[in-house]
Amino acid sequence: MTKLAASAWPKADLAAVGMPSSSVSLAELSTGDLAEAVHAIKNGHCYLDWRLFQFALSMFDHVQAVSKNVAVTQRSILDLEAQTALELQMSLDSTDHFAHALLDDAVCARDRLPAVFSTMRLGLIDRARFHRIVNETQLVRDDETMALIDQTLALQIMGLRGGVSSMSITKTGHMARRLVAEYDPDAEKLDRDRAKAARTVGFQALDSGMAQISITATAEDVRLVRQMLDAVIAGLCPEDPRTKSQARSDAAIALLQRIPFTCRCDSDGCTAQISDVQLDAHAARIVVHVLCDATTLDGGDQCGYLDGYGPISGDHVRQIAEREDAVIHQHDLNDLLEPDPAADPNDDDDLDEAAVHRKGPRPDSPDECRADDARPDPENDENSTPASESAAGTEPPPRFLIAKTAFPSDPYRPNLLTDLVARFLWGTCSIPGCERAAFACDLDHVAEFDNICPSQGGPTCVCNLLPKCRFHHLMKTHLTGFLDDLWIDDHGRYHSSVTTPGGITVELLAPNQWLFPRLADLRCRHQLGQHGTATSSIEDSPQRARTRTAAKHARRRAERQANHEQRAVDQARQQAAEEAAIWDDYEAKRAMGEPPF
């Protein structure tokens, strides 16, 4: 008989795994030190999940080994899984359901997703993210296809993270769902058909005289309903005392019961615009955005992307395109470009086209925002890094240059195609961990736009535009020490980063660059330009009057430039280390008498 011992963790010194020594007072640690400790705990959590799966599998194997008749046992209600789950339930002080779910995930890790399972040991994903992948891939039955998805997912997880990128549970599910839709469209369609057949309306009694209603429907219909509710409550006057959640609840009940939705401000000067005519005008502007390659509409298997939901299969895209309320707009990435003068004028290898399905007009005013409220003042919400027109490095110039990105009459305002690419490239708010849909976000100039002299500020271009939800946009604008950045590496991949006031920096690869595969082959004029070097501090700047906003923008330009220079140094060091490792391996094999190939 084994009696479970008391926890030994409080007595353990975890300094060896990146956490502060138990003898160090937390009050003595900086924000950066605490961030490293939190990151170490996250890595430890992933590693312990990996070990927990291994122990659960070993326990299952042991129960199977001591079973007298496995075949008979497996037909019993008390089969091997139930017996193992009982042991796990007692060991974890958990429920039977939790123990069974843990064992199911562990078996899947061994039999279906061994490569993805190995990334847990590296601290890249935890059990919650692994479980999301299990759910997204559960209907793939072909072993070769499953192995391909497993290997590809593992590589993407390592490429996305690598210690510097961020990947939420939702984006982890997006990765798996896209691969299933591409490699096994039949499984994706079966999964979607089963889910659609299970659509329902649920009712649940709550405490204090309340109850809850839940409606299961297709992603595009739910997205339309949410935007409809937001359009309804947007007409309330500022004095209405309800929160957005409360107002949405009241609006939904009013619409279902076909009763008037009214403002509750009790003011004689109420400015609410919630009459039937006004609500119809709001509803006419509701748009659910879907992007896909033109070949998808012709029957191809290339995935599309539904704003506010994520990747959807080609078959799902075509179903949406066939709706009576769908409007299809064709867009060509060539519309962003001007030919490189050095390119062969007889070579007409055009870019692939992309089909974007949109409904409703684009805002006519440059101050009208796609989010709920008006866009903040550009002087406060956009930031800038001036760039010269000199050629970049020693690489040959690209054949096409991204140049036509803003309206000629308003250089602050991106044109339609630039707006679409910038939003779909990131899919959500660009701050790691925020899942606000891109088309419900502000489109922010990373390097501040200069309204007085646009050529001296950040450009309106895909290399300088990031979607940010209103909360994080305001945080970037007003929070001292909050710094974000956007750059394109030598392979044409788009990266963003955010540095908090505490000095924590997190990087993110554009999650949806797969939507624009040719974008990696293109370069914009600003990308080819070299950032000017900061040679003095803000205090040593030219002696002239400077507003606080201008000083903040100048400081951010200097900080970004320092980050760019440090990034170049780090990349050079990494390349040198990789070359040194290759050479050391060569020398070691030659010393052993083995051929170095």
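The stops below cover a pair of helices, a further helix and the cysteines of this predicted model.

**First stop: H1 and H5.** Select helix H1 (residues 31-66) together with helix H5 (residues 114-121). Their axes come within 6 Å and cross at roughly 130 degrees; H1 and H5 are therefore oblique to each other. Next, display the side chains at the contact: from H1, Cys46, Tyr47, Asp49, Trp50, Phe53 and Gln54, and from H5, Phe117, Met120 and Arg121. Of the residues in this contact of H1 with H5, six are nonpolar, one is polar and two are charged.

**Second stop: H3.** Select helix H3, residues 80-92. The end C-alpha atoms of H3 lie 18 Å apart, which agrees with the 18 Å that its 13 residues should span at 1.5 Å a residue. Within H3, colour Leu80, Ala82, Thr84, Ala85, Leu88 and Gln89, which are buried. Then move on to aspartate 93, which follows H3 and has a positive phi, near 55 degrees.

How many disulfides does a search of the whole structure find? The search finds zero. Select cysteine 429, which is in no disulfide: the nearest cysteine sulfur, in cysteine 434, is 3.8 Å away. Cysteine 429 is buried, at a relative accessible area of 2%. Finally, select cysteine 524 and cysteine 463. The sulfur of cysteine 463 is the closest cysteine sulfur to that of cysteine 524, yet the 3.5 Å between them is too far for a bond, since a disulfide requires sulfur atoms within 2.5 Å. Cysteine 524 also counts as buried, at 1% relative accessibility.

Definitions and conventions. Residues are numbered from 1 along each chain as its sequence is written. This is a predicted model: local features need pLDDT of at least 70, side-chain atom pairs count only at pLDDT 80 or more; totals for chains, interfaces and linings use all residues. Side-chain values use heavy atoms; hydrogens and water are left out. Axes are lines fitted to C-alpha atoms, for helices over the stretch in contact, and angles run from 0 to 180 degrees between N-to-C directions. Helices (H or I, at least four residues) and strands (E, at least two) are DSSP runs, numbered from the N terminus. Angles under 35 degrees count as roughly parallel, over 145 as roughly antiparallel, 65 to 115 as roughly perpendicular and the rest as oblique. Contact means heavy atoms within 4.5 Å. Ala, Val, Leu, Ile, Met, Phe, Trp, Tyr, Cys and Pro count as nonpolar, Asp, Glu, Lys and Arg as charged, and the others, Gly among them, as polar. Buried means under 20% relative accessible area, exposed over 50%, partly exposed in between (1.4 Å probe, protein chains only). The expected span of a helix is 1.5 Å times one less than its number of residues.
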